[in-house]
Every structure is written in structure tokens, then in C-alpha cells.
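Subject: Structure for your attention

Dear colleague,

Please find below the structure that I am handing over to you. My findings follow it.

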Protein chains: 4
Amino acid sequence: MTEPDSTAEGPRWRRRKEARPAEMLEAALPVFLKKGFAAARIEDIAAAAGVTKGTVYLYFPSKQAIFEAVVRQAILPRIDMAEALVAGHRGPAAPLLARLIEELGGRVVTTDLAHIAKLVIAEAGNFPEIARFYRREVIARGESLMSRVYALGVAGGEFPDLPIPIVTKLIIAPVLIAAIWRTTFAPVDDRPFDPIELIRAHARVLTAGLGALARKDLE
Amino acid sequence: MTEPDSTAEGPRWRRRKEARPAEMLEAALPVFLKKGFAAARIEDIAAAAGVTKGTVYLYFPSKQAIFEAVVRQAILPRIDMAEALVAGHRGPAAPLLARLIEELGGRVVTTDLAHIAKLVIAEAGNFPEIARFYRREVIARGESLMSRVYALGVAGGEFPDLPIPIVTKLIIAPVLIAAIWRTTFAPVDDRPFDPIELIRAHARVLTAGLGALARKDLE
Amino acid sequence: MTEPDSTAEGPRWRRRKEARPAEMLEAALPVFLKKGFAAARIEDIAAAAGVTKGTVYLYFPSKQAIFEAVVRQAILPRIDMAEALVAGHRGPAAPLLARLIEELGGRVVTTDLAHIAKLVIAEAGNFPEIARFYRREVIARGESLMSRVYALGVAGGEFPDLPIPIVTKLIIAPVLIAAIWRTTFAPVDDRPFDPIELIRAHARVLTAGLGALARKDLE
Amino acid sequence: MTEPDSTAEGPRWRRRKEARPAEMLEAALPVFLKKGFAAARIEDIAAAAGVTKGTVYLYFPSKQAIFEAVVRQAILPRIDMAEALVAGHRGPAAPLLARLIEELGGRVVTTDLAHIAKLVIAEAGNFPEIARFYRREVIARGESLMSRVYALGVAGGEFPDLPIPIVTKLIIAPVLIAAIWRTTFAPVDDRPFDPIELIRAHARVLTAGLGALARKDLE
DNA sequence: GATGAATGAGTCTTCATTCAT
DNA sequence: AATGAATGAAGACTCATTCAT
């Protein structure tokens with residue numbers, strides 16, 4: 001597939017050691033997504049990367065290490081993107097929050113981030129390291145991001161003063177549901193599922209709810 | 001071997017043939033909850049049920065069959081309970097919805113239903129049959145239940161006219177998040193997590209949001 | 001081989017769990033003797049025992065455990081025999097020592113104890129547990145045995161007062177050499193090697209030497 | 001890459017092509033000593049020699065070839081030394097023999113010759129070529145050396161007329177035991193072990209024994 | 001109905017060896 | 001000459017499943 005020169009037999013390798021680990025992770029991601037950790041075979045991953053089993057072990061010491069690296073590589077760039085996206089936002093908090101949910105959430109829900117999130121949830125129980133990493137690198141950063149937006153809204157009287165960890169989860173929840181639904185139940189459901197519609201409704205209901213509660217708080 | 005003489009008193013024990021499968025499923029549930037499908041060993045399940053591996057196969061044809069039966073048995077009674085709980089509710093829709101969320105959601109989130117939900121989500125990808133069953137028996141019934149309550153609210157002008165599948169997911173989402181958090185990330189987080197607090201906040205924000213949108217719709 | 005009933009296919013197993021481990025060790029010994037630890041394949045051992053790989057793991061948790069058990073089983077009964085043999089001896093020390101060397105040493109050197117000793121020596125470096133066991137169960141008991149005989153001789157003025165650990169090794173040394181020679185070099189040597197002759201010469205030279213030194217000490 | 005400009009000063013280093021194999025063997029010896037043949041990895045050897053795996057195969061066709069060469073190289077110079085040492089000895093046979101044992105044996109037992117001997121013994125079973133080489137180059141030459149000394153003693157009536165292969169083994173035995181003990185059991189024994197003390201006792205007992213038997217023969 | 005001994009396919013992992021560069 | 005990426009055969013170990021007792 002990615003074999004650039006395959007006349008006859010082609011060279012067994014070409015000097016690209018530095019690129020290999022990333023290539024392999026890229027190849028491994030769909031395998032893990034499709035089968036989960038336990039059912040994914042190293043050989044599948046190797047084949048997907050166009051190498052043989054042994055080669056995989058030149059770059060990673062174990063299946064678990066591959067898995068952890070895959071999750072990391074799949075997630076970290078997205079987090080960076082998300083943070084950049086937020087950093088650019090300006091203005092009152094409520095529309096900002098709505099936009100965040102719609103843009104970020106929409107992105108998550110329509111790309112393979114949905115699968116990745118589901119994968120992490122599914123396997124984190126067996127991989128405390130993954131769980132820890134995810135909490136630290138994804139959730140914590142997401143929360144800190146949200147908390148800034150939310151604090152703005154609280155300061156401006158737009159939002160009620162709820163605990164950040166709670167609010168964050170309320171914000172995220174429908175996004176995750178959309179991800180889970182799309183990856184898990186949509187394939188066995190004949191009714192269409194439009195994740196974007198869910199995200200939009202969520203944005204509307206949530207901001208309306210927060211606004212209403214804020215006003216009630218003021219009374 | 002150490003069998004005491006039992007001629008006089010009749011059999012010391014009586015195998016509850018009919019009860020066996022259910023007993024096994026009960027024993028198997030915690031094993032699957034703890035390890036997931038792949039890592040759960042038949043021997044663990046057998047041991048938990050106080051029998052040997054071979055016996056398990058007298059009642060179930062395969063590990064997968066056990067798993068599916070376990071999930072079914074764990075979930076069905078809860079659904080029935082939930083439906084009963086709803087059937088008894090009366091009055092305006094908003095407080096009913098809030099109560100539903102708090103009572104049902106609270107129950108889910110604090111019992112091992114949380115683990116079960118997480119298990120289903122984690123494994124449904126590998127078990128279409130589970131996914132199908134869950135969608136059909138759990139989600140569909142839950143939705144139908146919700147839809148009755150929600151329709152009440154829409155009719156009364158309390159709720160905006162959103163699509164039922166969307167609303168249902170919005171209602172459920174934080175409950176699921178609470179379940180996932182508790183089973184997956186709380187164990188690796190040192191900050192305390194109070195699922196009930198999340199559920200309550202959810203109930204408040206959601207009903208407030210729906211109410212606000214309903215009013216806006218009327219204008 | 002030991003299959004008692006093999007018409008057509010024969011039963012896959014017959015209730016003999018208790019005998020199995022010992023049978024397997026017996027089967028494993030020659031495999032280890034022939035190949036050493038590293039080169040011995042579990043499958044070889046299984047085949048030698050008339051079972052398949054998996055069965056081996058019903059009884060032993062690892063290759064190393066098998067190895068250790070094999071060595072133990074091969075050695076312990078011999079030690080017991082040796083101790084019994086010594087316990088029965090009476091009379092002055094020098095002939096007793098000579099008899100010990102000739103009978104015990106002769107036995108070692110002509111049976112597969114020679115191979116076992118060589119095996120232990122060869123692998124003990126990689127198996128501290130084996131080394132420790134051997135030192136404790138074989139060497140220590142052998143020494144204690146020797147030391148009783150030797151003390152007798154010292155008390156009677158027959159032997160010089162040398163440190164027991166030294167004397168023991170002098171007594172054992174040619175026996176071990178004979179064992180090593182027979183298992184290691186004799187197969188590639190065309191000259192015949194008679195271990196018994198070596199043992200006899202050793203007994204004579206050693207007792208003569210000890211006697212001479214004892215007399216010199218007295219002067 | 002970081003190669004400094006070398007046009008002006010000529011090559012910074014010069015590969016000693018001819019020396020390479022010897023260097024590698026030197027590097028390989030400790031690896032084999034520490035791990036034995038099977039557990040020694042080519043990569044370890046290469047690393048110890050400061051080259052990469054591939055380079056090793058420029059000089060040796062296989063791991064086994066390296067091993068054989070290592071043993072050869074480790075042993076041959078010692079043999080030469082030993083023969084030189086003997087060639088210089090003069091005088092009556094008994095003290096000569098004692099000196100030989102103490103000096104040669106002492107040297108063996110306190111240097112890594114002990115480890116090498118143990119290595120050969122451990123692996124010779126799997127490497128007939130090694131066994132053959134060792135018998136031919138080491139044992140045979142050692143024997144011939146001993147036989148000259150011994151014949152001197154027999155001629156002078158100092159020693160009894162025992163077969164040379166037997167006597168040789170009696171002479172060597174405690175040396176080997178010392179070597180084996182030091183490398184194999186001493187590490188798991190908390191009591192101190194002084195190989196020199198053993199060698200000295202051996203020299204004394206052996207010469208005394210040979211002398212006594214010689215006198216008895218004369219009677 | 002239960003048992004538990006036995007199986008053997010399935011996987012990860014290691015490492016000697018090859019060979020394009 | 002040296003490298004080091006890649007290979008693939010080999011082997012330990014696991015465990016769902018079978019079936020004689």
C-alpha cells in the first residue's frame with residue numbers, strides 16, 4: 001500500500017527508521033479501533049504497516065506499549081487543536097460555550113475521535129496507565145479550558161455558580177454519548193442518527209438551562 | 001468420599017437444576033465486570049459459581065453465550081423496575097422528569113448498573129448481538145418511557161418540541177458519564193467524585209433549559 | 001509406550017492425576033539430560049510423557065519449575081540411599097572411607113547420576129534456585145555424612161586434621177571428574193574410559209595420603 | 001555525521017582489520033561466561049565489542065562459530081603458558097608435582113580460567129566440536145605434560161606405577177572442583193571458600209598418597 | 001449431572017541471520 | 001568495512017472447548 005517501489009520484490013527496507021514508529025501507530029490505530037486491545041493481533045498491525053511481526057518489536061517493546069502509544073498519538077494532536085481553537089475565542093461566554101460545543105463537539109463526533117474515545121473508555125479499565133494518561137492529558141486540559149470559559153460566564157452573571165468538574169461533565173456528556181452511539185449502537189440501528197443534531201440541541205438546551213438558572217440565582 | 005451416610009435422612013443436598021444457569025450468570029457477572037469479556041476466564045466464572053469448567057458447558061455452549069446471557073440477566077430486571085417506577089408517576093412533566101432523572105439515574109449511577117452499562121459499551125462493538133439486544137431491550141424501552149413523559153410536557157407547553165431520540169440522549173448522557181467516570185476514571189483520580197451531585201445538577205440544568213426553550217417557542 | 005490401551009484411538013485420558021507429575025518428570029529427565037535446559041522443548045517433554053504441551057502446564061507452571069522438579073526428583077532418592085548406606089557402616093574410618101568412595105562414587109559414576117550431576121553443574125549458573133537446592137540438599141548432606149566418617153578417623157589418629165569442607169571436596173573431586181568425563185569427553189574420545197578404575201585409584205591414593213599425613217602429624 | 005573535517009589531518013581512526021576478530025572474541029568471552037551459550041545474545045557480544053550485530057557476521061558465520069573461537073582463544077594461550085612453566089621445572093618429581101599443582105592449579109582456580117573450564121564443561125555436551133577441541137588441545141597436552149613429570153617420579157621410585165590417564169585425572173580433579181565451586185556454588189553459599197587452601201591440601205595429600213603407595217609397591 | 005484431564009489452536013515475544021545501503 | 005532495518009522461524013504459555021469417566 002504505502003510501498004513506493006514494489007517492482008518484482010522491492011527492497012526489504014529503506015532507511016526511514018525515524019518515520020517508522022509513527023507509521024506503525026497509524027497502521028495500528030484502525031486495528032485497535034476495530035478489534036479492541038485484546039483481539040488485535042500484532043500480526044494484523046504489522047501487516048497493516050506493511051512489515052512483519054518482528055519489525056514491530058524493533059520499535060515497541062510490547063503490545064501494550066503500542067496500544068498506549070497509539071492512543072497518545074491519536075489524541076494529543078487533537079487536544080492541541082482544541083486548545084488553539086479555544087484560545088482564539090472572544091466575547092460573552094454563552095455563545096462562546098455554544099460555539100465550543102458545536103465546533104469541538106461536532107468535530108469529535110464526526111471524526112474518528114469518536115472511535116478513539118470509545119476505545120479509551122472500553123479499555124481504560126484494563127489499562128490504568130491509559131486511564132491516567134487520558135485523565136491527565138485529555139480531561140484535565142479539557143476541563144481547564146472549559147473552566148476558563150465558564151468562569152467568564154459566572155463573572156458576567158450569565159451562568160450559575162456550579163462546580164467546574166460537574167459543569168464540565170454536563171458539557172461533555174452528550175458529546176460522548178454521540179460518540180458512543182455512533183460507534184456502538186448506530187451500526188445495529190436502522191434509524192438514522194445525526195450526531196450533529198444532537199450536539200446542536202445540547203448546545204441550545206444547555207445554554208438555555210444555564211442562563212435560566214443564572215437568572216434565578218440573581219433573584 | 002467424606003460423604004456421610006445418607007440412607008436415613010435423604011439426600012444432604014439437592015441440586016437446583018433449574019436454578020443452575022441463573023446462579024452461574026450471577027457468578028459470572030462480577031467476573032466480566034472486573035475483567036471485561038476477553039480477560040475473563042471460564043475457569044474464574046466456574047470457580048465463582050462453585051463448579052468446574054466442564055459444568056459451565058453443560059449450561060452454555062460458549063463463553064460468548066454466557067456473556068450475552070449475563071448481560072441480559074443483569075439488565076432486564078432493572079428495566080422492569082424502572083418501568084414500574086415510571087408507571088406510578090403522576091402530575092406535571094417537568095418535576096416528573098427531574099424525579100425520574102434523580103431517582104433512576106441516581107440508582108444507576110450508584111449501583112453496579114453503572115459497571116454494567118460500561119461493560120456493554122465496552123464490548124458491544126465486538127458483540128453485535130449484545131448491541132442489538134441492548135438497543136432493543138434497554139434503550140428502546142427507556143426511550144418509550146421517556147417519550148411518554150416528554151410528550152406530556154410538550155402537550156402542556158412545558159417542553160420544546162425536540163425529537164424524542166435526541167431528547168432521550170440528552171437526558172441519559174450525564175447518567176452515562178457518571179457511570180463511566182465512576183468505573184473508569186475515578187479509580188485513577190485522587191479528587192473525590194460524587195455522582196449524585198452530577199445527576200442533581202443535570203436534572204436542574206436540563207429542566208431549566210427545556211423550560212426556557214419552551215417559553216421561547218411560545219413567544 | 002506406557003499407553004495401556006491403544007486400540008483404535010484409546011481414551012484421551014484415564015484418571016491418574018496423582019501419578020502424572022512424577023511420570024512427566026521421569027519423561028523430562030532424559031530430555032534435559034540430552035539437551036540441557038535451554039534447548040529442551042516443552043513439546044519434547046510432553047511427547048516423551050505421551051501427552052501434549054498443554055497438559056504439561058496442568059502440572060507445572062513453567063519450564064523452569066519442571067527443570068527444578070526434575071533435578072529434585074532425580075537427586076533426592078539417591079541422597080536418601082546414600083545416607084542409609086553410610087548409616088549402616090561400622091569399624092575404623094579409613095576402610096569405611098574407601099568403601100564409601102568406591103561404593104557411592106562407583107554408583108554415581110556408572111549410573112545416570114553422573115549425567116544429573118553434570119546437568120546441575122552446567123545449569124546451576126543460570127538457576128540460582130537449583131544451585132541453592134543442590135548445595136543445601138546434596139552437598140550439605142553429603143558433607144555432613146563425610147564429616148562424621150572423617151571425624152572418626154581424626155579421633156582415631158587415622159586422618160590428619162584438615163578442614164571438613166576441604167576434605168569433602170578432595171573426596172568428591174575425582175568422582176565428579178569421572179562423571180564429567182564420562183558424559184562430556186568420553187563420547188568424543190576413542191580411548192576407553194573406565195570410571196571404576198579411576199574411583200579405585202582415588203580411594204587408594206587418598207586413604208594412603210591421609211594416612212601418611214596423619215602419621216607425620218603425630219611425629 | 002558529526003565527523004569533523006579530516007582532510008587536513010588524515011583519518012581520525014584506523015580500523016585494525018586484522019585485529020577485529022580477536023577483539024570480538026575478547027568481547028564475547030565475558031558474555032558467554034556470564035550467560036552461557038544459549039542465553040548469550042549476539043547483540044550483547046556486538047555491543048561489548050563496540051560494533052553492531054551485522055558486523056559480527058562479517059567475521060564469523062554463526063553464533064556457534066563465535067563460541068568455538070572464543071573458547072579456543074581463551075584457552076590456547078593459557079596452555080602455552082602452562083607448558084612453558086613446566087618446561088622450566090627441574091629436580092625430583094614429587095616437589096615438582098606439588099609445585100605444578102599449586103602454581104598451575106592455583107592460577108586456574110583464581111583467574112577466569114575457572115569460569116572458562118566451567119563453561120566448556122557446561123556446553124561441551126551441546127558442542128562436540130568444543131569437546132573434541134578441548135580434549136585434544138587442553139587435556140591431551142596437559143596429560144602429556146603430566147606424564148613426563150609422573151614418569152620421572154615412577155622412574156625414581158617416588159610414585160607408584162598407575163596409568164597416566166588415571167593419574168592425570170586425580171591430579172586435575174580438585175582443581176576442577178575448585179573452579180566449579182567458585183563459579184557455581186560459592187555465589188549461593190554464605191560460607192567463605194578459599195580455593196587456594198583446597199589446592200594446597202590437595203597437593204599435600206596427593207603427593208603423600210603417591211609416596212606412600214610407591215613405598216608400599218617397593219616392599 | 002458433574003467432573004477434571006486433556007487438548008491444540010492461537011499469540012506474544014525473542015533473536016540469529018540476512019542484506020540493502 | 002560497517003551498519004541497522006527487516007525477517008521469520010521457533011518456542012513458551014494460555015485457555016476455550018471436549019469428552020471419558
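Two residues are taken to be in contact if their C-beta atoms, placed from the backbone, lie within 7 Å. By that criterion, chain B and chain C do not touch, and their nearest C-alpha atoms are 13 Å apart. Nor does any contact join chain A and chain D, where the closest C-alpha atoms likewise lie 13 Å apart. Please bear in mind throughout that this is a predicted model.

The pair of chains A and B

Chain A and chain B do meet: 42 residues of chain A and 42 residues of chain B make up the contact. On the side of chain A, the elements that give two or more residues are helix H1 (20-39), helix H6 (113-124), helix H7 (128-155), helix H8 (164-185) and helix H9 (195-218). By class, that side of chain A holds 28 nonpolar, eight polar and six charged residues.

How are the two copies related?

B:Pro174 lies in helix H8 (residues 164-185) of chain B. Is B:Pro174 buried or exposed? A residue counts as buried if 20 or more other C-beta atoms lie within 10 Å of its own; B:Pro174 has 30 and is therefore buried. Leaving aside neighbours within four places in sequence, B:Pro174 is in contact with A:Lys169, A:Leu170 and A:Ala173 of chain A, and with B:Leu198, B:Ile199 and B:His202 of chain B. B:Pro174 and B:Gly105 are 69 residues apart in sequence, yet their C-alpha atoms are 8.8 Å apart in space.

The pair of chains C and D

In this pair, 42 residues of chain C are in contact with 42 residues of chain D. The side of chain C that touches chain D draws two or more residues from each of helix H1 (20-39), helix H6 (113-124), helix H7 (128-155), helix H8 (164-185) and helix H9 (195-218) of chain C. Its residues divide into 28 nonpolar, eight polar and six charged.

Chain C can be laid on chain D with an RMSD of 0.2 Å by a turn of 179° and a shift of 0.0 Å along the axis. That is the relation of a two-fold axis. C:Gly209 is the residue of chain C that comes closest to this axis, at 1.6 Å for the C-alpha atom. The same surface serves both copies, as 100% of the contact residues of chain C recur in chain D.

Nonpolar cores

The largest nonpolar core has 138 residues, of which C:Ala28 and C:Ile45 touch the most other members. Apart from neighbours within four places in sequence, C:Ile45 is in contact with C:Met24, C:Ala27, C:Ala28, C:Val31, C:Ala40, C:Val56 and C:Ile66. A second, separate core of 136 residues includes A:Ile66, A:Ala82, B:Leu25 and B:Val154.

Domains of chain A

Chain A is divided into domain 1 (8-60) and domain 2 (71-218). Their C-alpha centres lie 32 Å apart. Six residues of domain 1 and eight residues of domain 2 form the contact. On the side of domain 1, five of the residues are nonpolar and one is polar, with no charged residues.

Yours sincerely

Methods. Residues numbered from 1 in each chain as written. Chains lettered and ligands numbered in written order. Predicted model: local features only at pLDDT ≥ 70, side-chain atom pairs only at ≥ 80, totals over all residues. Domains from an automatic or database assignment. Nonpolar A, V, L, I, M, F, W, Y, C, P; charged D, E, K, R; others polar. Least-squares fit on C-alpha atoms with pLDDT ≥ 70 in both. Core = buried A, V, L, I, M, F, W, Y, C linked by C-beta atoms within 7 Å. Buried ≥ 20, exposed ≤ 12 C-beta atoms within 10 Å, placed from the backbone. Helix = DSSP H or I, 4+ residues; strand = E, 2+ residues; numbered from the N terminus.
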